[in-house]
Amino acid sequence: MCESSPYQKVQNSSTKIPKTGQEHLKNSMTLGKIEDKSDLRVRQTAATMVRAWYMNDTNEDQRLEHQLSPPKFLSLDDLFTTSGILYWKLDPKNYESKLEEIKKERGYNYMDVIQISPDKLHNYEEKIKIFFAEHLHADEEIRFVTEGSGYFDARDKADKWVRIEVTPGDLIILPAGIYHRFTLDSKNYIRVIRLFVGEPVWTPHTRPADNMEVRTKYVEQQKAGFVNHNSQMKTGLVN
Ligand SMILES: CSCCC(=O)/C(O)=C/O
Ligand SMILES: [Fe+2]
Ligand code: NI
């Protein structure tokens, strides 16, 4: 989306984050180095907790899980191979340095915070509708969840909806050109850090946008198969 004012904005990671509860980020982060095996185990367990599944197409409330019967889950590897979606699990209470590392590595020099709930988001009903209309962006969509939960839905190679549950500590990167949408779950609240390279442009291009260059490029990549040069990201390990 292309909203501007209601969110805190940080032009680069060393800039102060102005007001509204974001201050604790600065002090809460230490380097996410895995010092011993028990630490690794804890982090791996957390990493495997991401859930992604194929959706049914019933007209029930969008906030419900929409599992197939029986449910059909995807692994992180499947998620990446079928759609190019990258996922990292960070420690939701101690993520600052790892997030900084990722920002540096991928060139994300903009960040702000959005809280989505009926009482926290201006024009909530309208925004929720926009988020849930199938669309693509000309750039990556990078979201790090700090509180609450929700679902990102993305189309796989066969144009089937895959639902990805996001909870605190989840960093998800949707590639440019992928058809997707977002909804809150039945708890009705999420707080998300949004990252971007340069000045953010979150214009949603509603489907059909098949003739956009970014879409044709994405489809080509999808046909050729996505290649991940960062195996940590693919497996969801935090370090
Ligand atoms: C959870 S962040 C708000 C949703 C959004 O910005 C978007 O583009 C969804 O596709
Ligand atoms: Fe989007
Ligand atoms: Ni958007």
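A polar contact of 2.7 Å joins the side chains of E141 and H137. In this predicted model, a further polar contact, of 3.0 Å, links the side chain of H137 to that of H135.

Ligand 1 is surrounded by 11 residues, of which H135, H137, E141, R143 and H180 are the closest. By class, this shell comprises 6 nonpolar, 3 polar and 2 charged residues. At least two shell residues are supplied by each of the strands β7 (141-148) and β11 (180-184). An oxygen atom of ligand 1 lies 2.8 Å from an N or O atom in the side chain of E141; the corresponding distance is 2.9 Å for the side chain of H135 and 3.1 Å for that of H137. Taken alone, ligand 1 exposes 320 Å², and 100% of that area is buried by the protein.

H135 is located in strand β6 (residues 135-136). Because its relative accessibility is 5%, H135 counts as buried. With neighbours within four places in sequence left aside, the contacts of E141 are H135, F152, I172, I173, L174 and H180.

In the unreviewed UniProt entry, the annotation "binding site" covers H135, H137, E141 and H180. Although these residues are spread over 46 residues of sequence, they cluster in space, with a largest C-alpha distance of 11.5 Å.

Terms used. Residues are numbered from 1 along each chain as its sequence is written. Chains are lettered from A and ligands numbered from 1 in the order in which they are written. This is a predicted model: local features need pLDDT of at least 70, side-chain atom pairs count only at pLDDT 80 or more; totals for chains, interfaces and linings use all residues. Side-chain values use heavy atoms; hydrogens and water are left out. A residue is near a molecule or strand if one of its heavy atoms lies within 4 Å of it. A polar contact is a pair of N or O atoms within 3.5 Å; within protein, one must be able to donate a hydrogen and the other to accept it, and residues adjacent in sequence count only if both atoms are side-chain atoms. Accessible areas come from the Shrake-Rupley method with a 1.4 Å probe; for residues, only the protein chains shown count as cover. Helices (H or I, at least four residues) and strands (E, at least two) are DSSP runs, numbered from the N terminus. Ala, Val, Leu, Ile, Met, Phe, Trp, Tyr, Cys and Pro count as nonpolar, Asp, Glu, Lys and Arg as charged, and the others, Gly among them, as polar. UniProt positions are given in the numbering used here, feature names are shortened, and annotations may be inferred rather than shown by experiment. Buried means under 20% relative accessible area, exposed over 50%, partly exposed in between (1.4 Å probe, protein chains only). Contact means heavy atoms within 4.5 Å.
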